[in-house]
Amino acid sequence: VASTRAMSSLPHGVAHGGDAVGGFEECSACGTASPCTDQGICVDPTALRLRSGASSQGQGQGGGVREAFLIEGQLVVRAPDGGWQTAVVPVDTSRPVRERGVALSDAQVTALGLPTEADEARIFFLRNQVDAVRHGDHFDFIVNGRLIHVVDDAVADCGGDCGGAPGHNRGASLVDHGGLDLIRQRVGTGPQTASTSGQKTEFGGGRYMPLARNTPDKSTHSEGQLDHKRALADAVLLEHAGGAEPSTHTRLKVNGICCPSEVPLIHSILDKKPGIRSVKVIVPTKTVLVEHASNTISASQIVDALNAARLHASLARQKFAPTAHTAVDIGEDGVPTSVAPYEKKSAWSRVVTATKNTFPPGSLPPLTTQIACVCLAISLLSALHKSLRDTKYVAIVGIIVGLPSIAAKAFGSLRNYVVDINTLMTLSVLGACGLGYYGEGAAVVALFGVSEWLEERAMGEASVAMGAVLALRPQSARRLSSPETEVPVEDITVGETVLVRPGDQIPVDGVVTVGTSAVNEAALTGESVPVSKTPGALVFGGTTNQAGALEIRVTAISNDSAVSRLVRLVEEAQAARSNSERAVETFAKHYTPVVVLVAFLIATTPYIFANAEGPRYVYLACVLLVVACPCALVLSTPVVSVCGLTKAARRGMLIKGSAHLENLGKCAVVCVDKTGTLTEGRFALTEVLLASPVFIEGGVPRPALSAGALLRWACALETRASHPVAQAVLAGSGAAVRVAAKQCAVSDFSILPGEGAVATVDGRQIEVGGPALAKRRGWRAGDKALAKAVDSWEKGGATAVWVGVDGAVAGALRCEDSLRLTSPAATARLRGMGVEVVMLTGDNEGSALRVAALCGIAQRDTHYGMTPEQKMRFVASEVESLDKAWRADTSRFGKLRRRFVPRRALAMVGDGIN
């Protein structure tokens, strides 16, 4: 049973010249006279010979022998008129039922490499997309050229041809129903084909390839077709790498690289990804350089793919200094006319130039801080040997250089009756100098300067996020009266009509008066599906018009638009101070003056009232000033926090400041946005379903015999559309399908308003659209199994695309915002740390519940259909609830506990306006 039947070197009915016997054209990819040429793409069929049995109807070609092709569950043969009709593998009804099969023992099943349990074997067959064929009145799987029937509790379709046969009395078993006369076995999409074909198509499981057209010259037919095949293979590889899209170079920091053994792993992960053009791994610096097509695969997707293998990858942070270019004019005689004379540079200027090139502005601390750090380092040499004892006085230079800027700020604060951190630093340094501890004084100056510089860098980079929010606000608009002229959006008044072309941002809030389009509102609402806009619909400034032109009557000026209100909300949220910040400010306001006053009294009262002599009490006052002043806390907290901020930055995380880093340690609730955070934030093709196969002998087969043919027809239309769903279909179809779609002859393309599009593709009418098109065409009633599957998609928040061929339903495509690879593990890790994860999204219920289920978020913690204002109110109410719970215990112990244990914190995670 385990042995594979020998296959013929040439398909049945195919001559060496390349033309099928009987005048039927063979497929250039698989070499069979199969439906590939009719479908416009090699559908990777399983070819077999059917011999007429006692139950077969009619005689096929070759005196009772017919050549049949099994394509993704549909078995077809040539019809008398030259077309195709359905077929069934016949059963030899002349034999008794008990002799029509052999029940396999566990040893035989194991020899086939299959699970011994029948239900597990069925799952194995379905997961690996093993060919299944109609055998009489039941279904068998094709394994090594044998018909293997699974008998288990899930089977209820065993008819008279199978019921009562061997194995059925055992309740669950595998039965061998005999061998097949195989001509060609489907290649499929295994790892070996992914490297040779340049792509791995998951939909349908077939190895789809475009067809090479025959050359007219018969003498050079073989060579011409071979050259065409090579050109097609190269075209598929080029398309798999992103086609003509410009390359993007991304530098990744991969901390999971510990030795060269990770290099093959990284290549195995990235090389097979669509859009990847080259991968270079630099082991010593733990860096990966990737050249890719960013529209095909984004940098975040590359990072997620590596992190799924626990390689701890992140985008490397790099800054490039602008390159200066000098223009040189060449005269008619070939001599340069505008070359500046050579200027001799001094050694100092050369050092300055080299320093600027090596260290761009902002990459080093201020010069005074650098000098203080150098002086501090030199002064520390005094502890190494007696002969170096005098180097401790070098610290005085560091104090003289670094202290004035701190003292100036302290003086400015004292003028306003405020004792701030600069005052404390100044008193601490002066006290250290008064005691003769110059090294300690220089350490305070140097460390405080470095900590301030690092804090400023973190704050400066964090401002980029706020700039991205401000970028949502449109800057210009086009009046309908003069559409070619752009005017500042502030000049647009209520009641005017503006024109918004496809791809432009909608400048202000308004109502659509003319036009129909799809508007991407993800920046404001988080809704991943573009919203259809017709006359009378409301539109909002900052959103993007993706399809047709719109004429919009303005209902709000720029400053009152939705995006402007959201920007103000973000600014107010960033300006709000936490309870901890207010408590620290109140403490410092009262504590610091008291410390200074006590130190002053210790330094003076013993001499006034006790006639004390010597510097003893002054020394004690300085000690008290240094010890009691919170300098240790002031210095240690920024340094430790900066270490955390730096480590986070290396992992691609930007934290706005040490206060927020500290709050993360108290975090008890994390509110997570869905679109672009838990998900990729863009449509992806996730499933393809063909119309239900026809199992009646001699019937008309379904229009699309394979997923590759269905996607080819859909891509032929979608290349002429700009809708995000169209881009998802094209990206998810695979390189070979896209190349085959480019071979299509498309004519009479037209948009069906509110439904989809229609065109004539290779002489067939192809229709692609949404639920409205399917309803008008009656496709849902015509294929109830497909309609049921589409209903489940739509309940889960996905978008279904129906495809019809010559008026009949051919299949449906599922497009949705795909989940990030690392989201389930991230939410699980948060829950393992005792943090409650809550989803806040503007998307619909089905999509939100689907993502929540995949990430393990409870349904009660999933909130959908929320606007940014509603999210802000939800966060505020949750913070208020945490605060009430913190203050609930009014006992003395509760009050004492609140003095030392802060309230638990809440975090909001999201992108864009979130």
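Q: What is the bridge partner of Asn520 in β22?
A: Thr544 is the bridge partner of Asn520. This is a predicted model, so local features need pLDDT of at least 70, side-chain atom pairs count only at pLDDT 80 or more, and totals for chains, interfaces and linings use all residues. Residues are numbered from 1 along each chain as its sequence is written, and side-chain values use heavy atoms, without hydrogens and water.

Q: How many bridges join β19 to β22?
A: 2 bridges join them, and the strands run antiparallel. Strands pair if DSSP finds at least two bridges between them. A strand is a DSSP run of E, at least two residues; a helix is a run of H or I, at least four; both are numbered from the N terminus.

Q: What order do the strands take in that sheet?
A: The order is β20-β19-β22, in an open sheet. The edge strands are β20 (531-533) and β22 (544-545).

Q: New topic. Is Thr250 buried or exposed?
A: Thr250 is buried, at 11% relative accessible area. Buried means under 20%, exposed over 50%, partly exposed in between (1.4 Å probe, protein chains only).

Q: Which strand is Thr250 in?
A: Thr250 lies in β11, residues 248-254.

Q: Which residues is Thr250 in contact with, leaving aside neighbours within four places in sequence?
A: Among them are Val288, Leu289 and Leu315. Contact means heavy atoms within 4.5 Å.
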